[in-house]
Amino acid sequence: MKKAGLIICLLLLIGCKSKTVSRNTEDLKIKKVSGAEVNAGQQQKAYELGKRVLETCNTSKFKPFNETEVTQSVRENTTEERLTKTCQRFRQYYGSFIDLKLDGVYKTKNEVIYRYHALYTKKVANKELRIFVNDENLVSAIKSMDWDEKFDAKLAEQ
């Protein structure tokens with residue numbers, strides 16, 4: 001009986017192969033977009049939503065996003081509690097938020113990425129905010145990170 005159970009277990013293990021996932025690398029490539037190719041309305045929307053998020057740190061008031069502005073996942077992840085926690089850290093290290101300065105617009109197969117330099121009162125602040133807009137003209141992601149001086153150089157290597 002033990003041998004039969006052992007053989008069945010071995011057969012099950014052998015039969016469970018891991019699947020290989022093939023990814024089209026074209027989907028992942030990011031290309032810089034010239035100013036003439038940028039949708040002005042979409043750019044304004046990205047700027048206003050990004051600024052609205054970062055101004056929350058100055059005012060402690062956040063106007064929630066609606067379904068015509070952002071995707072469901074962004075609405076769920078951008079809560080007042082999460083923003084408050086991030087804002088406390090940002091204000092301590094970088095001071096008050098001043099404005100966003102557009103550094104570049106990039107495109108993938110499915111999204112347009114607006115890359116902003118976030119300006120703060122303390123000069124040590126070197127942050128960026130990336131706003132991802134999908135094909136449906138909804139913001140699909142908002143990411144804050146340290147400023148990457150070599151971002152364009154990395155794109156050239158792709």
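Tutor: Start with contact: it means heavy atoms within 4.5 Å. Keep in mind that this is a predicted model.

Student: Which residues does threonine 71 touch under that rule, leaving out residues up to four places away in sequence?

Tutor: Threonine 71 touches Asn134, Leu138, Val139 and Ser140. Threonine 71 itself sits in the loop between helix H2 (40-59) and helix H3 (72-77).

Student: Why is threonine 71 called buried?

Tutor: Its relative accessibility is 15%. Buried means under 20%. Therefore threonine 71 counts as buried.

Student: What makes glutamate 55 partly exposed?

Tutor: Glutamate 55 has a relative accessible area of 33%.

Student: What makes lysine 51 and aspartate 99 a salt bridge?

Tutor: Their closest N and O atoms are 3.7 Å apart. A salt bridge needs a side-chain nitrogen of Lys or Arg within 4 Å of a carboxyl oxygen of Asp or Glu. The pair therefore qualifies. Lysine 51 lies in helix H2 and aspartate 99 in strand E2, so the pair ties together parts that are 48 residues apart in sequence.

Student: Which other partner does lysine 51 have?

Tutor: Lysine 51 also forms a salt bridge with glutamate 55, with 4.0 Å between the closest N and O atoms. Both residues lie in helix H2, 4 residues apart, about one turn of the helix.

Student: How do you know that arginine 115 and glutamate 128 form a salt bridge?

Tutor: The N to O distance is 3.0 Å. The cut-off is 4 Å, so the pair passes. Arginine 115 is in strand E3 and glutamate 128 in strand E4, 13 residues apart. Are they buried or exposed? Both are buried.

Student: Which network holds this pair?

Tutor: Asp103, Arg115, Glu128 and Arg130 are linked in a network of salt bridges. The whole structure has 7 salt bridges.

Student: What makes a set of residues a nonpolar core?

Tutor: The members are buried residues of listed types, such as Leu, Phe and Tyr, joined through side-chain atoms within 4.5 Å. The largest such core here has 27 residues. Leu54, Phe65, Leu100, Tyr114, Tyr116, Tyr120 and Ile131 touch the most other members. H2, helix H4 (80-94), strand E2 (97-107), strand E3 (111-120) and strand E4 (127-134) each supply at least two of its residues. A second, separate core of 5 residues includes Tyr106, Phe132, Phe151 and Leu155.

Student: What does leucine 54 touch, residues up to four places away in sequence aside?

Tutor: Leucine 54 touches Phe97, Leu100, Ala118, Tyr120 and Leu129.

Student: Where is the largest pocket lined, and how much space lies in it?

Tutor: About 450 Å³ of space lies in the largest pocket. Of its 19 lining residues, Val53, Asn77, Leu83, Thr86 and Ile142 are the closest to its centre. H2, H3, H4 and strand E5 (139-146) each give two or more residues to the lining. H4 gives the largest share, 7 residues.

Student: What is the overall layout?

Tutor: From the N terminus on, the elements run α-β-α-α-α-β-β-β-β-α. That is 5 helices and 5 strands. Buried residues make up 35% of the 158 residues.

How values were computed
Residues are numbered from 1 along each chain as its sequence is written. This is a predicted model: local features need pLDDT of at least 70, side-chain atom pairs count only at pLDDT 80 or more; totals for chains, interfaces and linings use all residues. Side-chain values use heavy atoms; hydrogens and water are left out. Buried means under 20% relative accessible area, exposed over 50%, partly exposed in between (1.4 Å probe, protein chains only). On a 1 Å grid over the protein atoms alone, a cavity is a set of points where a 1.4 Å probe fits but cannot get out, and a pocket is an open set with protein on both sides within 12 Å along at least five of seven lines; lining residues have an atom within 4 Å of a point. Grid points are joined across faces, edges and corners, and a volume is the space filled by probe spheres set on the points.
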